[in-house]
Amino acid sequence: MHKYVIKGGKKLYGEISISGAKNAAVAMIPAAILVDGTCRIENIPSISDTIIQLNILRTLGAKVNAVNKHTMDIDCRCISSAVADFDMMRRLRASYYLIGALLGKFGTATVAMPGGCNFGGVRPIDQHIKGFTAMGATVEVKNGLVLARAAGGRLHGASIYLDVVSVGATINIMLAAVLARGFTMIENAAREPHIVDVANFLNSMGADIRGAGTNVIKIRGVDRLRGGFYSIVPDQIEAGTYMAAVAGTGGQLLIKNIIPKHLNCISGKLQEMGVDVIDGEDCVLVRRDKPLHHANVKTQPYPGFPTDMQPQITTVLTLAQGTSHITEGVWDNRYKYADELCKMGARIRVDGRAAVVEGVESLSGATIKACDLRAGAAMVIAGLCASGTTEIEGIEYIERGYEEIIDKLRAVGADIQCVELPEPGGVIPEAI
Ligand code: EPU
């Protein structure tokens, strides 16, 4: 068990290079199940979520060889079972992609209900199931397991209208449809950059997917996919998190290896707050040397402001002049972290999906908890901005999604360390 210790109040200066997109990687790794051949996937972020996905493939019988830290050769031709490791599956949300991939390839899948970050309520998969059922599968959820079976051993194409814009359901139905018999259309599809990336990956292996990035995706089933190689796009949310960090601390960061268009919404909001954001071809320069202005933020599916940046931007707004209004438009409850910020002197009132933030002059260091991945990133930003020392517990959440966050931040002047927590058995804080 570890915690982060941050001595805050230092401006950030320098360059940070962004890793591959987590939410594309966690879909592309199971997508390799559909391929008859070796896929070489480059730019996989080295984080616990991708490590677990790769291990799940190994336990299914796939050959996974690391070419280097970020490049894997995956050959799923020797997979012998469509029953995924339940313990590993429960450790991450994106394990639901195993259902679409196994069902599409073998006509059957037995997997555990996905785990992952909990935003205070159930994270349903009814839209995924609606899609698989329309394609001819029977899907049963029993004792924490999802059991899916295609009639006749192979799915068929279908027209599926998603009742909510869902990233996971869009990708999962796409995975199930690439080898299905006939034509599938997904309407009201999500449009996030990682959806386009997964479609490009599958197309580069021989799939026929059109319209990814719009709200109607059309998939013509093919008989097989061949091996190939593919490089994952940069992580839009990791980039946005460091942009928010320098907006909070002040200073200047050149954030490299990004696609500026994917960040338009975040850049626009930071500019509204008085931050300079200058796009380069594959980088963005972010500078803050003036006081921050308040702003209103409403999260929405892409191309709206990403929900996965809501805790980070809210944290920066705690230090802005005036009152900011935040509306969470994707998840029912994503403000669990607000109490932690209030311990540091922030003034936030939460009411359902809305939060009102009264800007304060400064935050002060405290012992706080990361309650999920992006909330954890927000705690790091708070610690960097605060005076004094901040200790962050629950950092395993942060390490699910941010590659080498400590090294990246230290290289631009942050005073942050990862230290070991005392072994349980003595007097530990929770026990007092
Ligand atoms: N929803 C349903 N039914 C479904 C699926 C979703 O009602 O069958 C609802 C959810 O309850 C939520 C909304 O639809 O209110 C959107 O959920 P979505 O399915 O888009 O979320 P997800 O696929 O479970 C992915 C990301 C999340 C990110 C959301 C929204 C992955 C592995 N996770 O989750 O990322 O917040 O899309 O953009 O891609 C993160 O990276 O920190 C993270 C949580």
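**Entry 1: ground rules.** I call a residue buried under 20% relative accessible area, exposed over 50%, and partly exposed in between, with a 1.4 Å probe and protein chains only. By that rule glutamine 236, with a relative accessible area of 11%, is buried. This is a predicted model, so I kept in mind that local features need pLDDT of at least 70 and that side-chain atom pairs count only at pLDDT 80 or more, while totals for chains, interfaces and linings use all residues. Residues are numbered from 1 along each chain as its sequence is written, and side-chain values use heavy atoms, with hydrogens and water left out.

**Entry 2: more on glutamine 236.** I found glutamine 236 in helix H8 (residues 236-249); helices (H or I, at least four residues) and strands (E, at least two) are DSSP runs, numbered from the N terminus. Isoleucine 266 is 30 residues from glutamine 236 along the chain, and their C-alpha atoms are separated by 9.5 Å.

**Entry 3: around the ligand.** Which residues are closest to the ligand? I noted Tyr96, Gln127, Ser166, Asp308 and Val330, out of 24 residues that surround the ligand; a residue is near a molecule if one of its heavy atoms lies within 4 Å of it. By class, I read 11 nonpolar, 6 polar and 7 charged residues in the shell. Here Ala, Val, Leu, Ile, Met, Phe, Trp, Tyr, Cys and Pro count as nonpolar, Asp, Glu, Lys and Arg as charged, and the others, Gly among them, as polar.

Entry 4: In the side chain of tyrosine 96, an N or O atom is 2.7 Å from a ligand oxygen. For serine 166, the distance from a side-chain N or O atom to an oxygen of the ligand is 2.6 Å. Aspartate 308 also places a polar side-chain atom 2.6 Å from a ligand oxygen. I then checked the cover: the ligand taken alone exposes 830 Å², and the protein buries 91% of that, with accessible areas from the Shrake-Rupley method and a 1.4 Å probe; for residues, only the protein chains shown count as cover.

**Entry 5: what builds the shell.** Helices H1 (22-31), H5 (126-134), H6 (167-177) and H12 (373-385) are the elements that give two or more residues to the shell. H5 supplies the largest share, 3 residues. Why does the ligand lie between domain 1 and domain 2? Domain 1 (2-19 + 234-420) and domain 2 (22-231) both give residues to the shell, so the ligand lies between them; the bounds come from an automatic or database domain assignment.

Entry 6: Among the buried ones I listed Gly168, Asn172 and Ala177. H10 is mostly covered too, with 8 of its 8 residues buried.

Entry 7: Alanine 24 is found in helix H1 and counts as buried at 0% relative accessibility. Its C-alpha is separated by 6.3 Å from that of valine 198, 174 residues apart along the chain. Leucine 103, in helix H4 (residues 97-106), is buried at 1% relative accessibility.

**Entry 8: cysteines.** How many disulfides does a search of the whole structure find? I got 0, taking a disulfide as a pair of cysteine sulfur atoms within 2.5 Å. For cysteine 283, the nearest cysteine sulfur is that of cysteine 265, 20 Å away. Cysteine 283 is buried at 17%, whereas cysteine 418 is partly exposed at 34%.

Entry 9: The peptide bond from tyrosine 302 to proline 303 is cis, with omega near 10 degrees. Proline 303 sits in the loop between strand E17 (297-298) and helix H10 (310-317). Asparagine 43 is not a glycine, yet has a positive phi of about 65 degrees.

Conventions. Polar contact = N/O pair within 3.5 Å; in protein donor to acceptor, adjacent residues only side chain to side chain.
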